[in-house]
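Welcome! Please have a look at the sequence and the model below, and then we can walk through them together.

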Amino acid sequence: MTLETTSNDLLTRLRPAERFFERDELPKPLDWEAEFGARAPVEVEIGCGNGRFLRRAAEDRPDTLFLGIERALKYARLANERMIKYGIGNVRIVRADAARFLADRVPESSVDALHVYFTDPWPKKRHVKRRLFQTPFLDTVHRILRPGAPVWIKVDLFWYFEEILGRFERSPHFRVTANSVESDPTRDVYETTGFEQKALRMKGIVFALRAENLA
Ligand SMILES: C[S@@+](CC[C@H](N)C(=O)[O-])C[C@H]1O[C@@H](n2cnc3c(N)ncnc32)[C@H](O)[C@@H]1O
């Protein structure tokens with residue numbers, strides 16, 4: 001069945017949300033069309049920080065709806081303020097723990113891409129369980145993504161990159177389609193996040209991974 005989408009014209013008329021949402025303000029399960037007031041492909045960013053990536057991506061693709069999930073109050077607020085400042089109507093921000101939010105509220109096969117840029121590595125041994133990419137999380141990501149939908153990941157630590165890469169390679173739900181070292185600090189594509197710019201300035205290198213959700 002072909003998804004009937006709202007036209008570009010309507011999406012550019014969407015208004016930015018006046019404020020970010022708290023997790024419990026959104027229904028279970030989430031109805032994307034009702035929340036955004038438009039029907040279109042949906043992409044999710046986990047840990048959107050101050051919303052730099054979301055703003056640029058949403059401007060670049062006004063025919064797509066974006067949800068930023070951010071745990072920190074300060075950044076959820078900053079991200080939403082950025083959308084208001086630039087008049088971005090196709091982004092919503094929710095303050096929540098992403099793993100729990102996706103598992104509890106996001107309907108099956110309803111998301112067209114997932115972005116995770118510079119998720120916390122939790123390097124101490126006693127904090128390992130806090131790392132995002134655990135098996136239950138990968139199962140949830142598989143459930144919410146449409147078949148064939150991509151997961152885009154960037155990290156600044158090689159050991160963490162290898163760990164995440166290994167988890168995707170071993171998972172029966174994904175196929176790794178690209179992994180690379182990115183080291184050109186002069187480029188300014190919209191995919192560049194605030195954290196990425198800092199990492200490139202300090203270390204000169206980041207690591208990127210793309211995995212495709214299998215049916
Ligand atoms: C290192 S910052 C990177 C921010 C942004 N992605 C960037 O590249 O500039 C990691 C962000 O992810 C958020 N975060 C970490 N774990 C999270 C989780 N489980 N759910 C939602 N946000 C999370 C943090 O609050 C922080 O803002």
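In helix α5, the residues A98, F101 and L102 are buried. Down the axis of α5, these buried residues fall within an arc of 95°, so they line one face of the helix. The cover over that buried side includes β2 (42–46), β3, β4 (91–95) and α6.

Before we go on, a few words on how to read this. The model is a predicted one: local features need pLDDT of at least 70, side-chain atom pairs count only at pLDDT 80 or more, and totals for chains, interfaces and linings use all residues. Numbering starts from 1 along each chain, as its sequence is written.

A residue is buried if 20 or more other C-beta atoms lie within 10 Å of its own, exposed if 12 or fewer, and partly exposed in between, with C-beta atoms placed from the backbone. Helices (H or I, at least four residues) and strands (E, at least two) are DSSP runs, numbered from the N terminus. An arc is that of the directions from the helix axis to the C-beta atoms. Two residues are in contact, or touch, if their C-beta atoms, placed from the backbone, lie within 7 Å.

Helix α7 covers residues 158–170. Which residues of α7 are buried? They are F161, I164 and F168. Seen down the axis of α7, the buried residues fall within an arc of 70°, so they line one face of the helix. On the other side of α7, you will find W159, G166 and R170 exposed. The elements covering the buried residues of α7 include β6 (150–155), β7 (174–182) and β8 (206–213).

In α8, the buried residues are F195, E196 and A199. Around the axis they cover an arc of only 100°, which puts them on the same side of α8. They pack against β5, β6 and β8. K198 and R201 are exposed on the face of α8 turned away from its buried side. After α8 comes G204, whose phi is positive, near 75°.

**The nonpolar core**

A nonpolar core is a set of buried Ala, Val, Leu, Ile, Met, Phe, Trp, Tyr and Cys residues joined through C-beta atoms within 7 Å. The largest one here has 54 residues, and those with the most contacts inside it are L54, I69, V111 and L114. Leaving aside residues up to four places away in sequence, L114 touches V44, V141, L145 and V151.

A113 lies in strand β5. Is A113 buried or exposed? With 20 other C-beta atoms within 10 Å, A113 is buried. Again not counting residues up to four places away in sequence, A113 touches E43, A149, P150 and W152.

Here are two pairs that are separated in sequence, with their C-alpha to C-alpha distances.

| Pair | Apart in sequence | Apart in space |
|---|---|---|
| E18 and M83 | 65 residues | 9.4 Å |
| A113 and G148 | 35 residues | 9.2 Å |

E18 itself is found in the loop between α1 (8–12) and β1 (21–22). It counts as exposed because it has 7 C-beta neighbours inside 10 Å.

**Backbone details in the loops**

Most residues other than glycine have a negative phi, and most peptide bonds are trans. S109, in the loop between α5 and β5 (113–117), has a positive phi of about 50° although it is not a glycine. W122 has a positive phi of about 40° and is not a glycine either; its place is in the loop between β5 and α6 (135–144). With 14 C-beta neighbours inside 10 Å, W122 counts as partly exposed. Finally, a cis peptide bond joins K28 and P29, with omega about -5°. P29 lies in the loop between β1 and α2 (32–36).

Key:
The expected span of a helix is 1.5 Å times one less than its number of residues.
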